[in-house]
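I opened the model to look up helix packing, helix length and salt bridges. My notes are below.

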Amino acid sequence: MSHSKHQTIGVIGLGIIGRGVSANLRRKGFQVFVWNRTPRPVPNFVGSPAELVELCDYIQIFVSDDEALLHTVHRLSENLLPRHIVIGNSTVAPDSMRAAAEIVEGRGAHFLEAPFTGSKVAAEKGELVYYTGGNQEVLRQARPILEASSKEIVEIGELGQASVIKIVTNMVTAASVQATAEALALVQALGVPPEKFVQAMQANASYSTTLAMKMPKMIERDFEPHFSVKHMLKDMQIANQLGLSHYLDLGVTATVRDQLLEQMQWGRGDDDFSVVARKYLPETESPRYEESQLPEQEEQASPEGIAPAPEAAPVLAEISSPHSDVAATVASAGSGGVKQAIPWRRGFLTQLLRRGRQLLKQPVSPKEG
């Protein structure tokens with residue numbers, strides 16, 4: 001069948017990417033209808049996926065995870081016809097993408113796998129890169145739709161393989177940002193100007209587009225979301241699950257997942273995933289205390305990261321009772337209260353270490369006196 005810009009495009013999912021793709025399709029002359037689980041005051045917002053199917057020939061799906069993708073195609077499937085091409089743009093496990101294709105094709109319609117790389121700016125500029133998997137004829141027909149919001153289309157192969165490529169490239173991206181956050185922590189701890197680190201990296205073989213975007217914002221503590229923590233965490237969880245299913249030890253990816261999970265637990269799931277740097281680069285200098293201050297090397301660490309020597313464990317048990325309300329105080333503090341409670345915990349740990357050393361007959365360093 002012949003496809004032209006006079007045919008209608010449906011977009012499901014109006015997050016950062018879906019909004020950008022919709023805008024680019026309209027700029028390129030396509031008629032676009034949209035649907036999102038939460039209604040949005042945008043042009044041509046329809047009442048349901050079924051209504052979108054009735055109006056559109058192509059449907060691009062930009063939902064966030066495996067469950068949402070499968071739920072969406074189930075809702076679409078009741079009304080799909082052979083004229084429809086459904087494009088799965090979500091980052092999901094390969095098995096989920098294949099399952100979505102099976103649902104669509106079971107109704108006689110066509111399915112194309114097309115996860116993408118590129119975040120907020122790329123979506124707004126129409127510079128995404130799509131990785132495609134599936135039937136070549138379906139790709140040929142859908143290519144003008146993908147070209148409207150991309151600078152490149154990389155053909156990967158069979159259904160599911162494009163999802164593998166998307167996951168593994170995100171593994172490299174997340175690991176690179178985590179390593180950069182740790183490097184910045186050392187740069188700060190050792191008193192080297194961060195701009196010198198940036199200058200050095202720009203001349204380094206490891207420099208990348210990701211680092212060019214993320215490093216300045218990490219240094220400025222600017223974590224406006226371009227690719228959120230919750231979405232990168234989901235991708236790293238998929239990667240680790242794939243690794244386990246093939247008996248692979250993905251140590252770096254597991255570490256990155258844990259760091260992202262920690263940020264989620266701090267309520268930062270909607271921040272950009274580069275917020276992992278916040279753990280190492282506090283937004284303000286730690287307050288100084290005349291009565292109790294940690295040695296310089298301990299001041300650089302997170303309070304939770306300070307552990308006593310193994311032989312001091314009995315000492316902790318002996319002297320924890322007078323301060324047993326500290327944990328409760330920190331636990332009961334809200335997101336703002338935690339920051340206020342941390343200096344108290346830090347001072348308490350200093351006293352704890354001093355007391356432990358005294359009981360173990362270890363002299364206290366002059367810095368702590």
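The entries go from the model itself to helices and then to charged pairs.

**Basis.** I am working with a predicted model, in which local features need pLDDT of at least 70, side-chain atom pairs count only at pLDDT 80 or more, and totals for chains, interfaces and linings use all residues. Residues are numbered from 1 along each chain as its sequence is written, and side-chain values use heavy atoms, with hydrogens and water left out.

**Helix pair.** I took helices as DSSP runs of H or I with at least four residues, numbered from the N terminus. I looked up α3 (residues 66-77) against α4 (residues 94-105): their axes come within 9 Å and cross at roughly 5 degrees. The axes are lines fitted to C-alpha atoms over the stretch in contact, and the angle runs from 0 to 180 degrees between N-to-C directions. α3 and α4 are therefore roughly parallel, a term for angles under 35 degrees.

I then listed the contact residues, with contact meaning heavy atoms within 4.5 Å. From α3 they are D66, L69, L70, V73, H74 and S77, and from α4 they are S96, M97, A99, A100, I103 and V104. I sorted them by class and got eight nonpolar, three polar and one charged. For the classes, Ala, Val, Leu, Ile, Met, Phe, Trp, Tyr, Cys and Pro are nonpolar, Asp, Glu, Lys and Arg are charged, and the others, Gly among them, are polar.

**Helix length.** I checked α7 (residues 161-189), which has 29 residues and spans 43 Å from first to last C-alpha, close to the expected 42 Å. The expected span is 1.5 Å times one less than the number of residues. G191 follows α7 and has a positive phi, near 75 degrees.

**Salt bridges.** I found twelve in the structure, each a side-chain nitrogen of Lys or Arg within 4 Å of a carboxyl oxygen of Asp or Glu. K120 pairs with E224, with the closest N and O atoms 2.8 Å apart. This pair links distant parts of the chain, 104 residues apart: K120 is in α5 (residues 120-125), and E224 is in the loop between α9 (209-219) and α10 (229-245).

I read burial from relative accessible area with a 1.4 Å probe and protein chains only: buried is under 20%, exposed over 50%, partly exposed in between. E224 is partly exposed at 39%.

K217 and D222 form another bridge, at 3.3 Å from N to O. K217 is partly exposed at 28%, and D222 is partly exposed at 25%.

Notes
Helix = DSSP H or I, 4+ residues; strand = E, 2+ residues; numbered from the N terminus. Parallel < 35°, antiparallel > 145°, perpendicular 65-115°, else oblique.
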